[in-house]
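Me: I have a structure on my screen and want to learn to read its features. Can we take them one by one, general idea and then the case at hand?

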Amino acid sequence: MRRILIILLFFPMLLHAQVGDYRNDFAVGASAGYMLSNVGFVPDVPQKMQTGLTAGLTLRYTCEKYFKSICAIVAEVNVAQTGWKEDILDVNNQPVYYADDANKSMPLSYQRKMTYIQVPFLARLGWGRERKGFQGFFQAGPQLCYFLNESATSNIVAGKPLANERASQVIEQNTLAAQNKFDYGITAGAGVEFSSRKMGHFLLEGRYYYGLGNIFKNSKSDYFGKSNFGQIVIKASYLFDIVRTKNDKIK
């Protein structure tokens, strides 16, 4: 019992002894980027990557440097264009055309563009310079999303004769509107940052998002068992310091 009491008494001191160099840096800024996305449908829907843009607000709080790792928390609020683009092929992996399209000028096409508000909360580790020079970083965390609107572009005409039959007969997604307003998942990325004491912080990052939610309902009575997002984002950001730790030793 005495040993347990001694451990409990000195536990806060042990924790304090393990904390790295103190930081109290708070930076804000903006980001913009390019997004590639698709949807993991079950049953499967053959797809190409849908393209879109993303832009928003970034907040970053740096709390300590532990050994060589610069620890921070990042939150963002982004508007993102996502969705899916179908790859409509026949059994020979050739585009599908209508029977009256003698010149094969217009293969069947369908794409859905969807707009979301995305809010990631990220734990960030960086290695390198904080005030002047380059720093590499990795960050990961949960992301919450809210659906705003959608639009579809297609030349598919129901019942119109085809020159060659499509291999996939899964078409229910073409007529279903988004059924779940909220989405959530895990996102992670890595990048490089250049910092200047006078100009601020310039970042370039690649990021991947894996959705754990579904666009459509997925109960036993629904057609799709899964309809979750996969997204690749390349983005650039600019941050400027609002609060900066007073320490001349920070490089």
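Me: Start with charges and rings. Which ring does R124 lie over?
Reply: First the rule: a charge sits over a ring if NZ of Lys or CZ of Arg is within 6 Å of the ring centre and within 35 degrees of the ring normal. Here R124 lies over the face of F137, 4.3 Å from the ring centre. A lysine case is K160, whose charged end sits over the ring of Y98, 4.4 Å from its centre.

Me: What sort of model am I looking at, and how are residues numbered?
Reply: The model is predicted: local features need pLDDT of at least 70, side-chain atom pairs count only at pLDDT 80 or more, and totals for chains, interfaces and linings use all residues. Residues are numbered from 1 along each chain as its sequence is written, and side-chain values use heavy atoms, with hydrogens and water left out.

Me: Now salt bridges. How many does the structure hold?
Reply: The test is a side-chain nitrogen of Lys or Arg within 4 Å of a carboxyl oxygen of Asp or Glu. Eight salt bridges pass it. One of them joins R60 to E193, with the closest N and O atoms 2.9 Å apart. R60 lies in strand β3 (residues 50-66) and E193 in strand β7 (residues 182-196), so the bridge ties together parts 133 residues apart in sequence.

Me: Are R60 and E193 buried or exposed?
Reply: Both R60 and E193 are buried.

Me: Which residue does E86 bridge to?
Reply: E86 meets R166 at 3.8 Å, N to O. E86 is in strand β4 (residues 69-86), while R166 is in the loop between β6 (133-154) and β7, so this pair ties together parts 80 residues apart in sequence. E86 and R166 are both buried.

Me: You mentioned K160. What is its salt-bridge partner?
Reply: K160 pairs with D100, the closest N and O atoms being 3.6 Å apart. K160 lies in the loop between β6 and β7 and D100 in the loop between β4 and β5 (110-128), so the link spans 60 residues of sequence. K160 is partly exposed, at 31% relative accessible area. D100 counts as exposed, at 57%.

Me: Which residues form a network of salt bridges?
Reply: E76, E205, R207 and K235 are linked in such a network.

Me: How do I read a pair of aromatic rings?
Reply: Use the distance of the centres and the angle of the planes. Rings of Phe, Tyr and Trp (its six-membered ring) pair if their centres lie within 6.5 Å; planes under 30 degrees apart count as stacked, over 60 as edge-to-face and the rest as tilted. The count here is 14 aromatic pairs. Take Y116 and F229: their centres are 5.5 Å apart and their planes at 85°, so the pair is edge-to-face. Y116 is in strand β5 and F229 in strand β9 (residues 226-243), 113 residues apart. Y116 is buried, at 2% relative accessible area. F229 is buried too, at 2%.

Me: Which residues make up the aromatic cluster?
Reply: F41, W84, Y110, F216, Y223 and F224 form one cluster.

Me: Last, contacts. What does T115 touch?
Reply: Contact means heavy atoms within 4.5 Å. T115 is in strand β5 and is buried, at 17% relative accessible area. Leaving aside neighbours within four places in sequence, T115 contacts V79, A80, Y146, F147, L148 and N149.

Me: What about L125 in the same terms?
Reply: L125 lies in strand β5 and is partly exposed, at 34% relative accessibility. Beyond neighbours within four places in sequence, L125 contacts S69, I70, C71, G136, F137 and F138.

Methods
Helix = DSSP H or I, 4+ residues; strand = E, 2+ residues; numbered from the N terminus. Buried < 20%, exposed > 50% of the residue type's maximum accessible area, 1.4 Å probe, protein only.
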